[in-house]
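Subject: Structure handover

Hi,

Here is the structure you asked for. Please open it next to this note and read the two together.

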Amino acid sequence: MDAVRLIVNSRRALAGSGGAPDIMTEVWQAQALAQAIGSRLAVYGPPELRGEAIGLTELAGRGCGVLEVPDLAEGALRAAQLTELGDARQALMNLGSLLGEAGIALVGVASSADDEATYWRCMEAIDAADESRDRVMEMLRRLADRDEVLAEREAG
């Protein structure tokens, strides 16, 4: 499945999740998907993005690591369904939105956490989602810079 479709599915699942365990599962899924997309961009993406894509992979991995690994049904891991990246810009724009929504959802979980461990796990996961989103925004900026240089070359 292509990246944009998987991201859209993840955004829907996150928006439809109920309690804290469901939200944390969907945030974990989002970070796993960000990790897979970062890996794909690092290998197959535009050269300008490779360094940031490796950073995204590492940060998203940290985001997965601070949350408990969910008990998913076989075939339910969205990141494993990634078969093609498609348009890098479109994928990154959607991924940035997903990571922002994941951070916001975690704020809600953290603010209503019954125990300190859950609160701190959420805080670390919020940081990871924010930093992952920052990497995505930097990659979008680099794509825009590349397009500007290419347009100047064609015009000149």
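First, is tryptophan 120 buried, partly exposed or exposed? Tryptophan 120 is partly exposed, because its relative accessibility is 45%, which lies between the 20% and 50% cut-offs. Please keep in mind that this is a predicted model.

**The aromatic pair**

Tryptophan 120 has a partner. The structure holds one aromatic pair. Its members are tyrosine 119 and tryptophan 120, with ring centres 5.0 Å apart. Their planes stand at 85°, so the pair is edge-to-face. The cut-off for that class is over 60 degrees. Tyrosine 119 is partly exposed too, with a relative accessible area of 30%.

**The chain overall**

The secondary structure comes to five helices and zero strands. Along the sequence the pattern reads α-α-α-α-α. The C-alpha atoms fill a box of roughly 60 × 30 × 25 Å along the principal axes. The radius of gyration is 16 Å. For 156 residues, a compact globule would come out near 15 Å, so the two agree. Buried residues make up 42% of the 156 residues. Now take the contacts between residues at least 6 apart in sequence: 81% of them join residues at least 24 apart.

**Helix 2 against helix 5**

Helix 2 covers residues 20–44, and helix 5 covers residues 116–155. They pack at an angle of about 30°. Their axes are 11 Å apart. The crossing of helix 2 past helix 5 is left-handed.

Which residues make the contact? Here they are by helix:

- Helix 2 gives Met24, Gln31 and Leu41.
- Helix 5 gives Thr118, Arg121, Cys122, Ala125, Ala128, Ala129, Ser132 and Met139.

By class, this contact has seven nonpolar, three polar and one charged residues.

**Threonine 118**

Threonine 118 sits in helix 5. It is one of the residues in the contact with helix 2. Is threonine 118 buried or exposed? Its relative accessible area is 13%, so threonine 118 is buried. The cut-off for buried is under 20%. Leaving out residues up to four places away in sequence, threonine 118 touches Met24, Val109 and Ala113. Met24 belongs to the helix 2 side of the contact described above. Threonine 118 and leucine 67 are 51 residues apart in sequence. In space, C-alpha to C-alpha, they are 9.1 Å apart.

**Two positions in helix 4**

Helix 4 covers residues 88–111, and glycine 108 lies in it. Glycine 108 is partly exposed, because its relative accessibility is 35%. How far is glycine 108 from cysteine 122 in space, and what is the gap in sequence? The C-alpha atoms are 9.3 Å apart, and the sequence gap is 14 residues.

Glutamine 90 and serine 112 are 22 residues apart in sequence. Their C-alpha atoms are 34 Å apart in space.

**Where to start looking**

Start at the tyrosine 119 and tryptophan 120 rings. Then go to threonine 118 in helix 5.

Best wishes

Key: Residues are numbered from 1 along each chain as its sequence is written. This is a predicted model: local features need pLDDT of at least 70, side-chain atom pairs count only at pLDDT 80 or more; totals for chains, interfaces and linings use all residues. Side-chain values use heavy atoms; hydrogens and water are left out. Rings of Phe, Tyr and Trp (its six-membered ring) pair if their centres lie within 6.5 Å; planes under 30 degrees apart count as stacked, over 60 as edge-to-face and the rest as tilted. Buried means under 20% relative accessible area, exposed over 50%, partly exposed in between (1.4 Å probe, protein chains only). Axes are lines fitted to C-alpha atoms, for helices over the stretch in contact, and angles run from 0 to 180 degrees between N-to-C directions. Helices (H or I, at least four residues) and strands (E, at least two) are DSSP runs, numbered from the N terminus. A crossing is left-handed if the near helix is turned anticlockwise from the far one by less than a right angle, and right-handed if clockwise. Contact means heavy atoms within 4.5 Å. Ala, Val, Leu, Ile, Met, Phe, Trp, Tyr, Cys and Pro count as nonpolar, Asp, Glu, Lys and Arg as charged, and the others, Gly among them, as polar. The radius of gyration is taken over C-alpha atoms; the globule rule is 2.2 Å times the number of residues to the power 0.38.
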